[in-house]
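Thanks for coming. I have one structure to go through today, so please look at the sequence and the model before I start.

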2 protein chains.
Amino acid sequence: MIDYEFFELGDFTLQHGATLRGARLAYKTYGELSPAKDNAIVYPTWYSGRHWDNEWLIGSGMALDPARYFIIVPNMIGNGLSSSPSNVPPPYDQARFPHVTMYDNVTAQHRLVTERFGVERLPLVTGWSMGAGQTYQWGVSHPDMVERIAPFCGSSHTSLHNKVFLEGVKAAITADAAFRGGWYGTTQPVTGLRAAARVYAGWGFSQAFYWDRLFEKLGYTSLEDFLIGFWEGFFLDDRDANNLLTMLLTWHSADVGLTPGFNGDTEAALRSIKAKALVMPGEKDLYFPPEDEAWAVERMPNAKLRVIPGVWGHFAGHGSNPVDVAFIDAGLKELLAS
Amino acid sequence: MIDYEFFELGDFTLQHGATLRGARLAYKTYGELSPAKDNAIVYPTWYSGRHWDNEWLIGSGMALDPARYFIIVPNMIGNGLSSSPSNVPPPYDQARFPHVTMYDNVTAQHRLVTERFGVERLPLVTGWSMGAGQTYQWGVSHPDMVERIAPFCGSSHTSLHNKVFLEGVKAAITADAAFRGGWYGTTQPVTGLRAAARVYAGWGFSQAFYWDRLFEKLGYTSLEDFLIGFWEGFFLDDRDANNLLTMLLTWHSADVGLTPGFNGDTEAALRSIKAKALVMPGEKDLYFPPEDEAWAVERMPNAKLRVIPGVWGHFAGHGSNPVDVAFIDAGLKELLAS
C-alpha cells in the first residue's frame, strides 16, 4: 500500500519534442485545501529525493504548517515515483527515457495544481537544490500565479562549474561496464553508483564540515563509515542509474532563460519574476555558491538574499542540521507573513 | 635520448616495510652548484607532474634563477620517471607496487642531495600541491638542513575533505572494468582515466574560474572542449593508472606527524620545523583551502601565510596564469632575500 497519489498527465509532450504517453506525477499533500483555494504551497523534490525526503520542513508550528497550508509535494519526473526510466513501459524506458527539462517538470506540476485542485494562486513555492531550480522555474513560467518563492541552495540556471561537477558524477556511473549503455535491466551498475557516491561526497558538505568531523554528529564512526554508510547507502537506496542520469540531465540543462519566449536570456527571465523572493544559499555550498545567487537576486525585481551561515555546505538544506532547519523555517515564516 | 638523470637508490626500504630493489630517482638540475655547495634548492614535483612541469618557475631574473642557484627537481616516486608501477620489474610491478609515503620520497631525495652532490644545507625547498607536501616533509625530516620552505597550494597533512576528493578520483579510475584490479598490462583503462579527469576538473579550478569562462584564456573554445582537451588530455598524457593510484595513496596518507619520532602528532611535527616558512595557499583552492594552511602556520615557529588572490583555485600554482606566477615568484624572492 502506498501513501501517496498519482496525477495522470496523459500524453505529455516535452520541451524537446518527445511525448511520454501515459505520463504521471506522483505527489503527496499535507493539510487541507481551503474553500477559497488560497492556501496551497508547492514544494518540489530534489535530485533523487522523494516526497518523504521533504517532510522535515513540514510540521505543526513550522512555516509549512499543515494546519494552515495545503502543501503539495510533487515528485520530480525521473525520481522513480513519477514517470521515470525505471517505471515506464517500452519504448521510452531505461536508456531511451527522453530529456526532461525544469520547464517540463513545472508544466506537469502546474497541471496537477490547476486541474486536480483548481488552485489558481500560490502563496509560496519553495524547494531545496533542484527543488530550488523548480521554484525559480515556477516564478518564470507562472509569474501571475506565484506570490512568493523561496529557493534554497539552488539556482535559476546551472553554472558552468556546477555542470563540471555533474560531469564527474555522470562519468563515474557510466564508467562501470555493468551500466551497459543504460541497458542493465534490473541489475544496477553498483560499482558505478558507489563511485558516483564517492565523487558526490566531497561536494555535498563543505571542507570545514569534514575538518570538524561533523559526520560523527550524524552517527558515523569514521570517514570511511560515512562514505559507505551515508553516501554509498544514499546512492543505493532504491536509486536507479538511468533515473539518476535523467535527473542529472534535467539539472545540467536547467536555465530559466530556456523557458519558451525568453530565447535563452536568463537575465530577462529573472527580471520577469513577479513573486516576492527570498533566496537562501548555503554559505559554503560548493556547487551553488552564494555569489551565484547574489547575481540572480540582483536581476530579480523583488528579491532578497539571505545566506544560511555555517559549514554544512549544500546539505544545509537537507534537513539534517537543526540550526539550518530553524534558519530556513524562520525565513519562510517571514516571507509568508509579508 | 633523455635530458635528465637517475640516482640509484639501490635496495630502498620504505616506511611501511616493503623494499624496492634497484629503486631510482629521476631528476634534473638547473644551474651550477657553487664551490661552497651553499646554493642548492630542492623543488619536488606534484601529483602526476614531471620535472619539466616545474620549469615555469625557473628562469633568468626569477627567484629560482639558474645563474645564482642550483635547482634540483626530483621526480616523485610513482610519477613514471622515478621508480613506478609502470617501470619496475616483477614482482613489485603494476598492482603490487608498494605504499610510498611523503617521508619515503623525502628520504630518497635527501640521499640524492647529500650523496650525489654533497650538499648539507639547503637555502630553500619549495613546491606546488604534493610538491608542497614534500616541502613540509623536508622541513620536518631535516630541520637543521633546510633554511627556508615555501609550500604553495598544498598541505602538511591531507585533510579529511581532501581525502574524500581523492576517493572520488580513485573510484572513477577503478570503476572501469578494464582496470582489472591493476593488471591491465599495457592497455590503460581509458574510460576510468577519462572519468577521473572529469571528476578532477571540478576541483582543479574554482567556481568563479568557470563562471568567468577563464578556460577560454587557456585556448579552449567551450566547456566540453576544456573537459576533453585539457582535462582528459591531462590524464592521458603518458599517465598510467597504477602510477596515479600510487601517488594518490602517497597523497591520501600524507601527514608530517607520521614522520618517525612524532607518533602521529601533526602539531608537534609542525612545531619542530626550524626553517623560515612562507606558506602560499590559493584563495579559492577547493581542496587545499587557505584556512587549513592558516592552521599549519599558527603551529610553526617561524612561518608566514600569504594567500594567492584570485579565482584560479588550486591551479594558481600550476604556472598557467601570469599574475599568479608573478605573485609566487615575488614571494620566493622575498623569502630568499631574508
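**Two copies and how they meet**

Val119(A) is buried, with 21 other C-beta atoms within 10 Å. By buried I mean 20 or more other C-beta atoms within 10 Å of the residue's own; exposed is 12 or fewer, partly exposed is in between, and C-beta atoms are placed from the backbone.

Some housekeeping. This is a predicted model: local features need pLDDT of at least 70, side-chain atom pairs count only at pLDDT 80 or more, and totals for chains, interfaces and linings use all residues. Residues are numbered from 1 along each chain as its sequence is written, and chains are lettered from A and ligands numbered from 1 in the order in which they are written.

Back to Val119(A), which sits in the loop between helix H1 (102-116) and strand S5 (124-128) of chain A. Helices (H or I, at least four residues) and strands (E, at least two) are DSSP runs, numbered from the N terminus. Contact here means that the two C-beta atoms, placed from the backbone, lie within 7 Å.

Lys37(A) belongs to the loop between strand S2 (19-30) and strand S3 (40-42) of chain A. Is Lys37(A) buried, exposed or partly exposed? Lys37(A) has 14 other C-beta atoms within 10 Å, so it counts as partly exposed.

Ser129(A) also has a positive phi, about 65 degrees, and is not a glycine. Ser129(A) is in the loop between S5 and helix H2 (130-141) of chain A, and it is buried, with 26 other C-beta atoms within 10 Å.

Next, the backbone at the prolines. The peptide bond from Pro90(A) to Pro91(A) is cis, with omega near 10 degrees. Pro91(A) is in the loop between strand S4 (70-74) and H1 of chain A. In chain B, a cis peptide bond joins Pro90(B) and Pro91(B), with omega about 10 degrees.

One more buried residue in chain A: Phe288(A), with 26 other C-beta atoms within 10 Å. Phe288(A) lies in the loop between strand S7 (276-279) and helix H9 (290-299) of chain A. Its contacts, leaving aside neighbours within four places in sequence, are Cys153(A), Gly154(A), Ser155(A), Asn162(A), Pro281(A) and His314(A).

Now the pair of chains. How is chain A laid on chain B? A turn of 180 degrees and a shift of 0.0 Å along the axis do it, with an RMSD of 0.0 Å. That is the relation of a two-fold axis. The superposition is by least squares on the C-alpha atoms of residues with pLDDT of at least 70 in both copies.

The contact takes 28 residues from chain A and 28 residues from chain B. On the chain A side, helix H3 (160-175), helix H4 (190-204), helix H5 (207-211) and helix H6 (223-236) each supply at least two residues. The largest share, 10 residues, comes from H3(A). By class, that side has 16 nonpolar, seven polar and five charged residues. Ala, Val, Leu, Ile, Met, Phe, Trp, Tyr, Cys and Pro count as nonpolar, Asp, Glu, Lys and Arg as charged, and the others, Gly among them, as polar. The copies meet through the same surface, because 100% of the interface residues of chain A are also interface residues in chain B.

Axes are lines fitted to C-alpha atoms, for helices over the stretch in contact, and angles run from 0 to 180 degrees between N-to-C directions. Angles under 35 degrees count as roughly parallel, over 145 as roughly antiparallel, 65 to 115 as roughly perpendicular and the rest as oblique. Residues of H4(A) in this contact include Arg194(A) and Arg198(A), and those of H3(B) include Phe165(B) and Glu167(B). The contact of H4(A) with H3(B) has eight nonpolar, five polar and three charged residues.

Within chain B, the axes of H3(B) and helix H4 (residues 190-204) come within 6 Å and cross at roughly 160 degrees. H3(B) and H4(B) are therefore roughly antiparallel to each other.
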